[in-house]
Amino acid sequence: MIRLILADDEHLIRGALVALLRLEPDIDVVASTDNGSDAVRLAREHAPDVCVLDLEMPPTDGIYAAEEILRSVATRVVIVTRHARPGVLRRALASRVAGFVPKSTPADQLANVIRDVAEGRRYVDPDIAASALTGESCPLTSRELDVLRHGRQGASLQTIARELNLAPGTVRNYVSSAMTKLDAPSRHEAATIAWEQGWI
């Protein structure tokens, strides 16, 4: 039996997937939630074989939640997404995500992906893979990306500085540099561009 956790902030989709996957004779959905923080907590609590996580899910995103889960739980992660932005797949694979599928995937096909991933294989949707191959390379440094990632939800420069153990002036310099490189009029716009490209 494959023990599964599912996290998606769209209640209708999550409810439908839980109901359909529970019809599979070899899949047991042990828990579900609507956010990444609870997904991390539930994964640590239940130690599932596979976690299915929505990419666009608060408080940060599914890949961040996957990174947190994989640091402390011996599990496999499948990311589902509505929009396959350039760079997101590379970021997911770098984070040891084992599966990457669009939300348009039928439940029975998703069940097969879950089985493959549970057996140690990887699965990447071919259209998403093709999109990732044509994506732009990232012009930002890792620190600039860190600052944009932490500021994406509207955190102040002081809060970002505290979270990253940096001086506020240093954070301001990273933000300014990122805005210049991305030709963005504000740090929020710079973070949005970086997110849309799949860099954060």
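**View 1. The lining of the largest pocket divides into four nonpolar, five polar and two charged residues.** Here nonpolar takes in Ala, Val, Leu, Ile, Met, Phe, Trp, Tyr, Cys and Pro, charged means Asp, Glu, Lys and Arg, and the others, Gly among them, are polar. This is a predicted model, where local features need pLDDT of at least 70 and side-chain atom pairs 80 or more, while totals for chains, interfaces and linings use all residues. Residues are numbered from 1 along each chain, and side-chain values use heavy atoms, without hydrogens or water. Look for Gly36, Tyr64, Glu68 and Arg149, which are among the lining residues. Helices α2 (36–46), α3 (62–72) and α7 (142–151) each bring at least two residues to that lining. (Helices are DSSP runs of H or I, at least four residues; strands are runs of E, at least two.)

**View 2. Val78 sits in strand β4, residues 76–81.** Val78 counts as buried because its relative accessibility is 0%; the cut-offs are under 20% for buried, over 50% for exposed and partly exposed in between, with a 1.4 Å probe and protein chains only. Beyond four places in sequence, Val78 is in contact (heavy atoms within 4.5 Å) with residues including Val50, Leu53, Gly99 and Val117.

Notes. On a 1 Å grid over the protein atoms alone, a cavity is a set of points where a 1.4 Å probe fits but cannot get out, and a pocket is an open set with protein on both sides within 12 Å along at least five of seven lines; lining residues have an atom within 4 Å of a point.
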